[in-house]
Amino acid sequence: MIYTSGFKVVRSKKKDGNMVSPGDLQNQINRLSFLKGVGAPPGRVYIRPEQGGEVQLADSGDAKFCQDGAVRCDALIAREKGVVMVLLLADCPSLILYLPEYHVRVWHDYRMVEVKSGARLAHIYLGRGPLEQNIIENTLNVLLPVDNRNLACTVNAVLVSGIGLCCYRFDEEVYQRILREHWSHLEPDADGKYTIDLANEARQRLRDSGVMSFNQLGECTCCSGEYFSHKRAKAGKKEFQGRHLVACWLL
Ligand SMILES: [Zn+2]
(Lines give C-alpha, C1' and ligand atoms only; values in the text may rest on other atoms or scores of the structure.)
Protein backbone atom coordinates (compact mmCIF):
# COMPACT_ATOMS: atom_id res chain seq x y z
CA MET A 1 0.00 0.00 0.00
CA ILE A 2 1.33 3.46 -0.77
CA TYR A 3 0.12 6.91 0.07
CA THR A 4 1.13 9.92 -1.90
CA SER A 5 -0.17 13.44 -1.84
CA GLY A 6 -2.85 12.91 -4.48
CA PHE A 7 -3.75 9.25 -4.80
CA LYS A 8 -3.68 5.88 -3.12
CA VAL A 9 -2.71 2.41 -4.40
CA VAL A 10 -3.48 -0.88 -2.63
CA ARG A 11 -2.78 -4.51 -3.47
CA SER A 12 -4.23 -7.54 -1.69
CA LYS A 13 -2.22 -10.66 -0.86
CA LYS A 14 -3.14 -14.32 -0.98
CA LYS A 15 -3.93 -14.22 2.74
CA ASP A 16 -6.73 -11.73 1.97
CA GLY A 17 -8.44 -14.45 -0.09
CA ASN A 18 -9.21 -15.10 -3.75
CA MET A 19 -10.73 -12.04 -5.42
CA VAL A 20 -11.80 -13.56 -8.73
CA SER A 21 -15.05 -15.06 -10.12
CA PRO A 22 -17.68 -12.33 -10.19
CA GLY A 23 -20.86 -13.90 -8.89
CA ASP A 24 -19.09 -16.15 -6.40
CA LEU A 25 -20.27 -15.01 -2.99
CA GLN A 26 -17.07 -15.72 -1.04
CA ASN A 27 -14.94 -13.87 -3.64
CA GLN A 28 -17.31 -10.93 -3.40
CA ILE A 29 -17.04 -10.92 0.39
CA ASN A 30 -13.22 -11.05 0.08
CA ARG A 31 -13.20 -8.04 -2.26
CA LEU A 32 -15.60 -6.01 -0.17
CA SER A 33 -13.87 -6.68 3.13
CA PHE A 34 -10.39 -5.95 1.71
CA LEU A 35 -11.50 -2.67 0.12
CA LYS A 36 -13.36 -1.63 3.25
CA GLY A 37 -10.32 -2.51 5.38
CA VAL A 38 -8.04 -0.20 3.35
CA GLY A 39 -10.56 2.62 3.47
CA ALA A 40 -11.58 2.60 -0.20
CA PRO A 41 -14.54 4.86 -1.02
CA PRO A 42 -17.74 3.06 -2.07
CA GLY A 43 -17.65 4.06 -5.79
CA ARG A 44 -15.85 1.08 -7.39
CA VAL A 45 -15.30 0.31 -11.06
CA TYR A 46 -13.82 -3.02 -12.14
CA ILE A 47 -11.65 -3.26 -15.25
CA ARG A 48 -12.32 -6.28 -17.48
CA PRO A 49 -9.11 -6.58 -19.57
CA GLU A 50 -9.54 -7.09 -23.29
CA GLN A 51 -5.85 -7.72 -24.08
CA GLY A 52 -5.89 -4.73 -26.42
CA GLY A 53 -5.15 -1.02 -26.38
CA GLU A 54 -8.50 0.54 -25.45
CA VAL A 55 -8.81 3.32 -22.88
CA GLN A 56 -12.09 4.27 -21.17
CA LEU A 57 -13.15 7.01 -18.75
CA ALA A 58 -14.42 5.60 -15.45
CA ASP A 59 -16.61 8.58 -14.67
CA SER A 60 -18.11 9.09 -18.10
CA GLY A 61 -21.52 7.98 -19.31
CA ASP A 62 -19.76 6.48 -22.34
CA ALA A 63 -17.92 3.72 -20.46
CA LYS A 64 -18.72 0.25 -21.79
CA PHE A 65 -20.07 -1.50 -18.71
CA CYS A 66 -20.63 -5.27 -18.75
CA GLN A 67 -23.60 -6.85 -17.03
CA ASP A 68 -21.64 -7.34 -13.81
CA GLY A 69 -20.64 -3.68 -13.67
CA ALA A 70 -17.10 -4.07 -15.00
CA VAL A 71 -15.78 -1.93 -17.88
CA ARG A 72 -14.27 -3.69 -20.91
CA CYS A 73 -10.93 -2.01 -21.56
CA ASP A 74 -7.24 -2.24 -20.68
CA ALA A 75 -6.93 1.20 -19.12
CA LEU A 76 -9.38 3.27 -17.14
CA ILE A 77 -9.08 6.97 -16.26
CA ALA A 78 -10.82 8.76 -13.37
CA ARG A 79 -11.19 12.53 -13.09
CA GLU A 80 -13.30 12.49 -9.94
CA LYS A 81 -12.13 11.84 -6.40
CA GLY A 82 -13.31 8.61 -4.82
CA VAL A 83 -13.69 6.55 -8.00
CA VAL A 84 -11.90 3.30 -7.12
CA MET A 85 -10.48 1.55 -10.21
CA VAL A 86 -9.96 -2.16 -9.57
CA LEU A 87 -8.01 -4.85 -11.44
CA LEU A 88 -8.06 -8.55 -10.54
CA LEU A 89 -4.64 -10.00 -11.38
CA ALA A 90 -2.48 -13.08 -11.16
CA ASP A 91 0.84 -12.40 -12.93
CA CYS A 92 0.28 -9.23 -14.95
CA PRO A 93 1.62 -5.96 -13.56
CA SER A 94 -0.59 -2.93 -13.23
CA LEU A 95 0.53 0.60 -14.00
CA ILE A 96 -0.86 3.71 -12.34
CA LEU A 97 -0.34 7.16 -13.87
CA TYR A 98 -1.13 10.27 -11.83
CA LEU A 99 -1.45 13.69 -13.42
CA PRO A 100 -1.51 16.34 -10.66
CA GLU A 101 -3.84 19.31 -10.95
CA TYR A 102 -2.62 21.93 -13.38
CA HIS A 103 -3.40 25.46 -14.48
CA VAL A 104 -4.48 26.47 -17.93
CA ARG A 105 -4.82 29.94 -19.37
CA VAL A 106 -8.02 30.71 -21.26
CA TRP A 107 -9.53 33.83 -22.76
CA HIS A 108 -12.50 35.17 -20.82
CA ASP A 109 -14.19 38.53 -21.47
CA TYR A 110 -11.29 39.71 -23.65
CA ARG A 111 -8.65 38.90 -21.06
CA MET A 112 -6.48 35.93 -20.18
CA VAL A 113 -7.47 34.15 -16.96
CA GLU A 114 -5.95 31.17 -15.21
CA VAL A 115 -8.20 28.18 -14.57
CA LYS A 116 -7.36 25.22 -12.37
CA SER A 117 -7.96 21.76 -13.76
CA GLY A 118 -8.33 18.77 -11.43
CA ALA A 119 -5.95 15.83 -11.11
CA ARG A 120 -6.47 12.66 -13.15
CA LEU A 121 -5.58 9.07 -12.46
CA ALA A 122 -5.17 6.13 -14.86
CA HIS A 123 -5.09 2.43 -14.03
CA ILE A 124 -3.57 0.27 -16.77
CA TYR A 125 -3.66 -3.52 -17.17
CA LEU A 126 -0.05 -4.07 -18.19
CA GLY A 127 -0.18 -7.48 -19.82
CA ARG A 128 2.04 -8.32 -22.77
CA GLY A 129 -0.86 -7.88 -25.23
CA PRO A 130 -1.84 -4.33 -24.17
CA LEU A 131 1.84 -3.29 -24.11
CA GLU A 132 2.18 -4.52 -27.71
CA GLN A 133 -0.98 -2.54 -28.58
CA ASN A 134 0.55 0.70 -27.17
CA ILE A 135 -1.70 0.90 -24.12
CA ILE A 136 0.73 3.26 -22.33
CA GLU A 137 0.86 5.75 -25.21
CA ASN A 138 -2.92 5.50 -25.74
CA THR A 139 -3.56 6.19 -22.05
CA LEU A 140 -1.27 9.23 -22.03
CA ASN A 141 -3.15 10.54 -25.07
CA VAL A 142 -6.37 10.62 -23.03
CA LEU A 143 -4.80 11.54 -19.69
CA LEU A 144 -2.93 14.62 -20.91
CA PRO A 145 -4.78 17.69 -22.12
CA VAL A 146 -4.65 18.02 -25.92
CA ASP A 147 -3.06 21.49 -25.85
CA ASN A 148 -0.49 20.75 -23.15
CA ARG A 149 1.33 17.49 -23.83
CA ASN A 150 4.44 18.64 -22.01
CA LEU A 151 2.58 18.05 -18.73
CA ALA A 152 3.88 14.48 -19.19
CA CYS A 153 6.90 15.59 -17.14
CA THR A 154 4.61 16.11 -14.11
CA VAL A 155 3.07 12.61 -14.32
CA ASN A 156 3.94 10.21 -11.51
CA ALA A 157 4.05 6.52 -12.58
CA VAL A 158 3.75 3.59 -10.16
CA LEU A 159 4.18 0.05 -11.41
CA VAL A 160 2.68 -2.62 -9.16
CA SER A 161 4.80 -5.67 -9.92
CA GLY A 162 3.52 -8.79 -11.59
CA ILE A 163 5.71 -11.56 -12.93
CA GLY A 164 9.34 -10.42 -12.97
CA LEU A 165 12.11 -10.96 -15.48
CA CYS A 166 13.29 -13.79 -13.20
CA CYS A 167 10.26 -15.87 -14.26
CA TYR A 168 8.79 -14.45 -17.49
CA ARG A 169 10.82 -16.69 -19.82
CA PHE A 170 9.91 -18.40 -23.07
CA ASP A 171 11.48 -21.15 -25.14
CA GLU A 172 12.44 -20.84 -28.81
CA GLU A 173 9.21 -22.40 -30.09
CA VAL A 174 6.98 -19.89 -28.27
CA TYR A 175 9.25 -17.01 -29.26
CA GLN A 176 9.01 -17.93 -32.94
CA ARG A 177 5.26 -18.54 -32.80
CA ILE A 178 3.94 -15.55 -30.81
CA LEU A 179 6.68 -13.18 -29.71
CA ARG A 180 8.90 -12.46 -32.67
CA GLU A 181 6.60 -9.90 -34.26
CA HIS A 182 6.71 -7.45 -31.33
CA TRP A 183 9.81 -8.57 -29.43
CA SER A 184 12.35 -9.03 -32.18
CA HIS A 185 14.97 -7.18 -30.08
CA LEU A 186 15.10 -10.04 -27.52
CA GLU A 187 18.16 -12.27 -27.47
CA PRO A 188 18.17 -15.82 -26.07
CA ASP A 189 20.15 -16.42 -22.87
CA ALA A 190 22.65 -19.25 -22.25
CA ASP A 191 19.73 -21.70 -21.76
CA GLY A 192 18.15 -20.64 -25.07
CA LYS A 193 15.29 -18.86 -23.25
CA TYR A 194 13.84 -15.45 -24.07
CA THR A 195 13.02 -13.12 -21.17
CA ILE A 196 10.47 -10.32 -21.22
CA ASP A 197 10.93 -7.54 -18.68
CA LEU A 198 7.50 -5.88 -18.59
CA ALA A 199 8.58 -3.30 -15.99
CA ASN A 200 11.57 -2.14 -18.00
CA GLU A 201 9.55 -2.04 -21.22
CA ALA A 202 6.99 0.16 -19.45
CA ARG A 203 9.70 2.43 -18.06
CA GLN A 204 11.24 2.92 -21.49
CA ARG A 205 7.93 3.65 -23.17
CA LEU A 206 7.07 6.17 -20.42
CA ARG A 207 10.45 7.84 -20.79
CA ASP A 208 9.99 8.08 -24.56
CA SER A 209 6.66 9.83 -23.87
CA GLY A 210 8.23 12.31 -21.42
CA VAL A 211 7.25 10.63 -18.12
CA MET A 212 10.40 10.48 -15.97
CA SER A 213 9.00 9.72 -12.51
CA PHE A 214 8.79 5.92 -12.18
CA ASN A 215 8.39 3.85 -9.03
CA GLN A 216 8.03 0.11 -8.74
CA LEU A 217 6.22 -1.65 -5.90
CA GLY A 218 6.46 -5.22 -4.75
CA GLU A 219 8.25 -8.36 -5.82
CA CYS A 220 7.70 -10.96 -8.57
CA THR A 221 4.29 -12.62 -8.15
CA CYS A 222 5.65 -15.95 -9.41
CA CYS A 223 8.66 -16.27 -7.03
CA SER A 224 6.92 -14.80 -4.03
CA GLY A 225 4.48 -17.14 -2.31
CA GLU A 226 2.38 -14.20 -1.17
CA TYR A 227 0.40 -13.58 -4.38
CA PHE A 228 -1.60 -15.60 -6.88
CA SER A 229 0.38 -16.66 -9.94
CA HIS A 230 -0.85 -18.43 -13.09
CA LYS A 231 2.66 -19.44 -13.98
CA ARG A 232 3.37 -20.98 -10.57
CA ALA A 233 0.00 -22.79 -10.56
CA LYS A 234 0.70 -24.18 -14.04
CA ALA A 235 4.23 -25.26 -13.11
CA GLY A 236 2.81 -27.18 -10.14
CA LYS A 237 0.09 -28.63 -12.41
CA LYS A 238 -2.56 -27.15 -10.17
CA GLU A 239 -6.01 -26.37 -11.50
CA PHE A 240 -6.90 -23.62 -9.04
CA GLN A 241 -5.91 -20.15 -10.17
CA GLY A 242 -6.94 -17.27 -7.98
CA ARG A 243 -6.40 -13.56 -8.33
CA HIS A 244 -5.36 -10.74 -6.03
CA LEU A 245 -6.64 -7.21 -6.35
CA VAL A 246 -4.95 -3.90 -7.19
CA ALA A 247 -6.98 -0.72 -6.71
CA CYS A 248 -6.24 3.01 -6.91
CA TRP A 249 -8.18 6.22 -6.45
CA LEU A 250 -7.75 9.99 -6.32
CA LEU A 251 -7.72 11.55 -2.85
ZN1 LIG B 1 10.25 -14.45 -10.29
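This is a predicted model: local features need pLDDT of at least 70, side-chain atom pairs count only at pLDDT 80 or more; totals for chains, interfaces and linings use all residues.

**Entry 1**

I began with Glu201, which counts as buried at 15% relative accessibility. My cut-offs: buried is under 20% relative accessible area, exposed is over 50%, and partly exposed is in between (1.4 Å probe, protein chains only). Arg205 also counts as buried, at 17% relative accessibility. I found their side chains meeting in a salt bridge, 2.9 Å from N to O. For that term I need a side-chain nitrogen of Lys or Arg within 4 Å of a carboxyl oxygen of Asp or Glu.

Residues are numbered from 1 along each chain as its sequence is written, and side-chain values use heavy atoms, with hydrogens and water left out.

**Entry 2: other salt bridges**

How many salt bridges does the structure hold? I have 11 down for it. One of them pairs the side chains of Glu50 and Arg72, at 3.8 Å from N to O. Glu50 sits in the loop between strand 3 (43-48) and strand 4 (55-57), and Arg72 in strand 5 (residues 70-72), so the pair ties together parts 22 residues apart in sequence. Helices (H or I, at least four residues) and strands (E, at least two) are DSSP runs, numbered from the N terminus. Glu50 is partly exposed at 41% relative accessibility, and Arg72 is partly exposed at 37%.

I also noted Arg105 and Glu114, whose side chains form a salt bridge at 3.6 Å, N to O. Buried or exposed, I wondered about Arg105? Arg105 is exposed, with a relative accessible area of 62%, and Glu114 is exposed at 51%.

**Entry 3: the nonpolar cores**

A nonpolar core here is a set of buried Ala, Val, Leu, Ile, Met, Phe, Trp, Tyr and Cys residues joined through side-chain atoms within 4.5 Å. The largest one has 40 residues, and Leu95, Leu97, Leu126, Ile136 and Leu206 touch the most other members. Among the elements supplying at least two residues each are strand 8 (94-99), helix 3 (135-143) and helix 5 (198-208).

Leaving aside neighbours within four places in sequence, Leu206 is in contact (heavy atoms within 4.5 Å) with Leu95, Leu97, Ile136, Leu140, Ala157, Val211 and Phe214. A second, separate core has 23 residues, including Cys73, Met85, Leu87 and Ile96.
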